[in-house]
Amino acid sequence: FEFPFSVEQVVTMGRFPYLERFKKLAQNDQEIVDEALAWTQTIHLRDRLISQLSSGERQRVLIARAVAQKPSILMLDEPNAHLDLKHQIEIFRLLQRINKDSSVTVVTILHDLTATAVFFKKVALLCKGRLVKTAPPQEVITTEILQDVYQADIEVHPSPLGGVPQVSYCASDN
């Protein structure tokens, strides 16, 4: 964001497809913006400039903008990119809440297979543009499948925090 947009202005952009040309937001649109800010826990940031936010705050604002569009499907590419672990967890929990409480289907592209296993009920694994398998994480994120797809020495173990698949690999060639 090169221009000095406030958080509220950025989230309001999610309503633009529903506005008639040169019209202001209706009361209903403003309520949807407020709801999106509340959902993403960014309402306290509404007057701040997006350029002054941390990566995690900015990511939540961008998700709020998408939520303000009232989608039935929310598609995100690496929503955890450039975030520390705390903010990654917050983003994934937010996506779970949006899915559960708003009945919005959440589709994400992730390279972090452990996070995928922890936060998502269904996984579609692709290799070279082809679908390898679609199933719950425990059936897709396995040592055999990942070694075959990635041609790497990978081991999958149950996480001590809930038993979901956790991916391990070694830095050396040994």
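Mentor: We shall go from the overall fold to one residue, bearing in mind that this is a predicted model.

Trainee: How many helices and strands does the protein have?

Mentor: One starts with an inventory of elements and then reads their order. The protein has 7 helices and 6 strands. From the N terminus on, these elements follow the order α-α-α-β-α-β-α-β-β-α-α-β-β.

Trainee: What does the C-alpha trace span along its principal axes?

Mentor: The C-alpha trace spans about 60 × 30 × 30 Å. Of the 174 residues, 40% count as buried. The accessible surface comes to about 11200 Å², and carbon and sulfur atoms account for 52% of that surface.

Trainee: What share of the contacts between residues at least 6 apart in sequence joins residues at least 24 apart?

Mentor: The share is 49%.

Trainee: How many positive and negative side chains are there, and how far apart do the centres of the two sets lie?

Mentor: There are 19 positive and 21 negative side chains, with the centres of the two sets 7 Å apart.

Trainee: Let us take Thr-116. Where does Thr-116 lie, and is Thr-116 buried or exposed?

Mentor: Thr-116 lies in helix 5, which covers residues 113-119. Thr-116 counts as buried because its relative accessibility is 9%, and the cut-off for buried is under 20%.

Trainee: Which residues does Thr-116 touch, not counting those up to four places away in sequence?

Mentor: With those neighbours set aside, Thr-116 touches Leu-110, Val-123, Pro-137 and Ile-141.

Terms used: Residues are numbered from 1 along each chain as its sequence is written. This is a predicted model: local features need pLDDT of at least 70, side-chain atom pairs count only at pLDDT 80 or more; totals for chains, interfaces and linings use all residues. Side-chain values use heavy atoms; hydrogens and water are left out. Helices (H or I, at least four residues) and strands (E, at least two) are DSSP runs, numbered from the N terminus. Buried means under 20% relative accessible area, exposed over 50%, partly exposed in between (1.4 Å probe, protein chains only). Contact means heavy atoms within 4.5 Å. Accessible areas come from the Shrake-Rupley method with a 1.4 Å probe; for residues, only the protein chains shown count as cover. Lys and Arg count as positive and Asp and Glu as negative; His and the chain ends are not counted. The place of a charge is taken as NZ of Lys, CZ of Arg, CG of Asp or CD of Glu.
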